[in-house]
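Keep the sequence and the 3D view side by side as you read.

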Amino acid sequence: SKGTFSLKWRQNNPVTAIEIIDIHGRRIYHHIVRQQYLCTLQIDQEPGVYFMVIKTPSGMSTKKLLLQ
């Protein structure tokens with residue numbers, strides 16, 4: 001992706017926050033999700049590998065992002 005992400009998730013597991021972490025472990029983006037089932041993010045960073053941490057009331061998961 002070039003930095004714009006649209007995220008949509010199931011209604012039975014709402015997302016509460018999204019963080020983007022660089023490969024050095026620095027948090028470069030943090031977003032508190034107000035609309036519970038849809039979110040659009042604009043990440044203005046250099047191309048490379050990043051990690052998206054998705055937080056929900058039941059826990060969190062991490063996904064790898066590749067910015068081109």
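Two strands pair if DSSP finds at least two bridges between them. The strands themselves are DSSP runs (E, at least two residues), numbered from the N terminus. What you see is a predicted model, where local features need pLDDT of at least 70, side-chain atom pairs count only at pLDDT 80 or more, and totals for chains, interfaces and linings use all residues. Residues are numbered from 1 along each chain as its sequence is written, and side-chain values use heavy atoms, with hydrogens and water left out.

Look for an open sheet of four strands, in the order 3-2-5-6, with antiparallel pairing. Strand 3 (27-32) and strand 6 are its edges; each has a single partner strand, so one side of each is left without a neighbour in the sheet. On average, neighbouring strands of this sheet are turned by 20 degrees against each other, direction ignored; for such angles, axes are lines fitted to C-alpha atoms.

Strand 2 and strand 3 form a hairpin with four residues between them, and in the turn Gly 25 has a positive phi of about 85 degrees.

Is strand 2 buried or exposed? Buried means under 20% relative accessible area, exposed over 50%, and partly exposed in between (1.4 Å probe, protein chains only). Six of the six residues of strand 2 are buried, so this strand is largely enclosed by the rest of the structure. Both of its faces are covered, with Ala 17, Glu 19 and Ile 21 buried on one side and Ile 18, Ile 20 and Asp 22 buried on the other.

**The largest pocket**

Now turn to the largest pocket, which has a volume of about 200 Å³. On a 1 Å grid over the protein atoms alone, a pocket is an open set of points with protein on both sides within 12 Å along at least five of seven lines, and lining residues have an atom within 4 Å of a point. Strand 1 (4-8), strand 5 and strand 6 (59-67) each supply at least two residues of the lining. Which strand gives the largest share? Strand 6 does, with three residues. By class, the lining has five nonpolar, four polar and two charged residues.

**Two lining residues**

Thr 56 and Lys 8 are among the residues that line the largest pocket. Thr 56 lies in strand 5 (residues 48-56) and counts as buried, at 16% relative accessibility. Leaving aside neighbours within four places in sequence, Thr 56 is in contact (heavy atoms within 4.5 Å) with Asn 13, Pro 14, Val 15 and Thr 16.

Lys 8 lies in strand 1 and is exposed, with a relative accessible area of 72%. Not counting residues up to four places away in sequence, Lys 8 touches Tyr 37 and Leu 38. Its C-alpha atom is separated by 15 Å from that of Gln 42, 34 residues apart along the chain.

How values were computed:
On a 1 Å grid over the protein atoms alone, a cavity is a set of points where a 1.4 Å probe fits but cannot get out, and a pocket is an open set with protein on both sides within 12 Å along at least five of seven lines; lining residues have an atom within 4 Å of a point. Grid points are joined across faces, edges and corners, and a volume is the space filled by probe spheres set on the points. Ala, Val, Leu, Ile, Met, Phe, Trp, Tyr, Cys and Pro count as nonpolar, Asp, Glu, Lys and Arg as charged, and the others, Gly among them, as polar. Axes are lines fitted to C-alpha atoms, for helices over the stretch in contact, and angles run from 0 to 180 degrees between N-to-C directions.
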